[in-house]
Amino acid sequence: RCSALFFFEILSRSKMSTATPSSSAHKSLVLVSASSLLLLVGGIALVSTMRSKSKKSQGDYPPIEQSGCFETIKQITSNDLPWFLLQAAKDLKSMTYQLNPLLAKMFFCPMFVVIGEPKLSHKILTDPLSTKPEELYEAVEAVHATGTKSMFTSNGPYWQSRRRGVATAFSSAHIRRMNDVASAKVDEWIQTELLGKFIPNDEAFDVGLEMFDLVGAALSETAFEYKMSKEEAKNYADDLDLAFDEFTFKSATNPLRKPFGLLLPDRQRAFAASKRVRAFALKLIASYRELENPTKDTIIDRVMKNTAYKSDDERVADLTFILVAGRDTTSFTIAFILRELAKHPSEQQKLREALLEARDNGEDLTKSDALRKVVKEGMRLYPVAAAGAQRTIGREYRTKEGYILPKGTVVWLPFLLPLRSEDIYADPDSFVPSRWDEPTEEMDEAFFPFALGQQNCVGQALAKAEMNVILARICSEFELELVDEGTLDHILTLKPMKAMLKARRVVSTK
C-alpha cells in the first residue's frame, strides 16, 4: 500500500519533469516507479486476502467513507482536509464513520474513525485511558529538526512534567500582564497602521496578516521577552508552513517519502526550513540567557528553569509549539471575526453600540455580553483547530447509533463537524451571534474549540483574554468594510488568506 502511494507520486513527478530520459534523476524515478508497481500488485493481492478473511458483520461498526485509498490520502493531506471530513459526514448522514480501512492497516490499529458526536468526543477526550497516537504525532517532531518529543506530541510522565512546569506562566497575574502588552500593541497598530497609513490612503489591509503580526509581537515580547521583527515573523511563518505541510501531512500518510526524500525537492526544502525553525528557537533561548533580570515565571522562564528538560533541543520542541499555538489560534480567530463583522454590518453595529454603552457606563468593555457572543460565534464558524485532535482509545466504546469502536482504534475528532452540524445548530454556515442568547444543551456541548481533558489547550485563558482586548478596542471605534473575502487555507490551523478590509474611524476615544 505504501509503495502504491509513492508510485503514483513519483510517476506524476516523472511525467512533469523537464529532465531528459537519459538523465540519472529520470532513471532513478523510473526504477523506483517500476519497483513500486511490482510491490503494488503484491499489495493489492494481500489486501484482497485480508478483506476476504474479515467478513465479520460490518453493521456492528461505523459506516465507511467511500473514497478510494488514494483519494482519501489526497484529501487528508490537502488544504481542504476539514471540509472533506465535514462533507463525508453529510454524505454518510452519520457523525461517526470510518476512513478507508487501509489507513488503519498503515497505522496498525483496528480502525481509523472520524467522530463528530459531541457526547462521545467529550468521553474520549476526558478519558485517562485515551492517549495521543504516537505513530501520528511523531511526524510533527521533524518540524523543529530536533527529533525530540514535545508536550504537544507526548503522553505520560514526559508530557506531565512539561505541562505542569509551564502552567504557572498562565496564571491570572501573568494574563493581566500579557493583556496590558496586547492592549499597548493594538494602540500602536491603530496609530501607525490604521490612522497612519490605511485610513488616510483609503487603503485596504490584509486582516489575517495584520492580526498575525500584532498578536505575534505581543506574544513574543511577553512570553519570550524577545522583540520579533516583522521580517523574522514572516520568515518564521513561511518556514513553519513548509515544514508542517511536509512532515505532518505528506510524510505522515506516505511513509516512503522518508527513505526516498532525496528525490523530492519539496521535502529537501522542508528540511532546510525545519533547521531554520530550530535556529530561531535557539535564538530565543540565547536571548533569554543574556537577560540580567528576566521576568519571573514567563513562559520561557518556566521552560528554561524546568529540570525535566535534559537539553536545549527538548526546550526547542516546546518553545516552537507554544509560539505556534499561542500566535495562530488568537490571531486567526480575531481575523475571522473581524472579517465576519465586515460582512455583516448590522451585527457590527450592534456590537459597537453595546461596547459604547458599556464604556459610557464605566464598565469593562472586555466583559461585554455582546462581545462574548460575537467571539463565540466566530470560533464556532471558523475554529482555528478545525481538524481537531486525534486519540488512541484505551477502551471499547459504543456510539449513540450503536456502532462499536474497538479498543486501540485511532479516532479523529474534528472540531468543525459538531460546530457545523445541522442537527445541533440552525443555519450552521451563517454568522449569527444571537444564537448564543439562549443556547441549547447540545449547542454548548458541541462547543469545545480548545479541546477537553488533561491535554487541552494550556493557554486558552490567555487566548480568550487577548481576543477580547483586541476586538473591543477595534470594534468600539472603527467601522469595517469588506473589500475582498479572500480564501481559506489549512496547514495545521485554519486561516483566512488575503481577506481585505477597509476601516473608517467613527468614534474617538475619550
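Trainee: Hi! Before I zoom in, what pLDDT does the chain average?

Mentor: Morning! This is a predicted model, and the chain averages a pLDDT of 86, with 87% of the residues scoring at least 70.

Trainee: And where does pLDDT stay under 50?

Mentor: Over residues 1-56. The model has 54 contacts beyond four places in sequence for that stretch. Where pLDDT is low, the predicted coordinates should not be read in detail.

Trainee: Got it. Let's do sheets. What is the strand order in the open sheet of four strands?

Mentor: The order is β1-β2-β7-β4, and the pairing is mixed. β1 (96-98) and β4 (389-392) are the edge strands with a single partner each, so one side of each has no neighbour in the sheet. On average, neighbouring strands of this sheet are turned by 25° against each other, direction ignored.

Trainee: Which residues of β7 are buried?

Mentor: Val410 and Trp412 are buried on one side, and Val411 and Leu413 are buried on the other, so to speak of β7 is to speak of a strand with both faces covered.

Trainee: Which helices go with that sheet? Start with what α4 lies across.

Mentor: Helix α4 (residues 81-92) lies across β1, β2 and β7, running at about 105° to β1. Helix α6 (residues 118-126) also packs on the sheet, where it touches β2, β4 and β7, and its direction makes about 120° with that of β7.

Trainee: Nice. Now the open sheet of three strands: what's the order there?

Mentor: β3-β11-β8, with antiparallel pairing. The edge strands are β3 (205-206) and β8 (478-484), each pairing on one side only. β8 pairs with β11 (residues 500-505) over six bridges, and Glu481 has Lys502 in β11 as its bridge partner. Helix α14 (residues 312-343) packs on this sheet and touches β8 and β11, with its direction at about 90° to that of β8.

Trainee: Switching topic: how many residues are in the largest nonpolar core, and which have the most contacts inside it?

Mentor: The core has 135 residues, and Met211, Phe224 and Leu338 have the most contacts inside it. α14 turns up again, giving the most to this core with 13 residues.

Trainee: What does Phe224 touch?

Mentor: Leaving aside residues up to four places away in sequence, Phe224 touches Leu219, Leu284, Ile299, Ile300, Leu319, Ile322 and Leu323.

Trainee: Last one: how many residues of α16 are buried?

Mentor: 10 of its 13, so by the under 20% cut-off α16 is mostly covered.

Methods: Residues are numbered from 1 along each chain as its sequence is written. This is a predicted model: local features need pLDDT of at least 70, side-chain atom pairs count only at pLDDT 80 or more; totals for chains, interfaces and linings use all residues. Side-chain values use heavy atoms; hydrogens and water are left out. Two strands pair if DSSP finds at least two bridges between them. Helices (H or I, at least four residues) and strands (E, at least two) are DSSP runs, numbered from the N terminus. Contact means heavy atoms within 4.5 Å. Axes are lines fitted to C-alpha atoms, for helices over the stretch in contact, and angles run from 0 to 180 degrees between N-to-C directions. Buried means under 20% relative accessible area, exposed over 50%, partly exposed in between (1.4 Å probe, protein chains only). pLDDT is the predictor's confidence in each residue, from 0 to 100. A nonpolar core is a set of buried Ala, Val, Leu, Ile, Met, Phe, Trp, Tyr and Cys residues joined through side-chain atoms within 4.5 Å.
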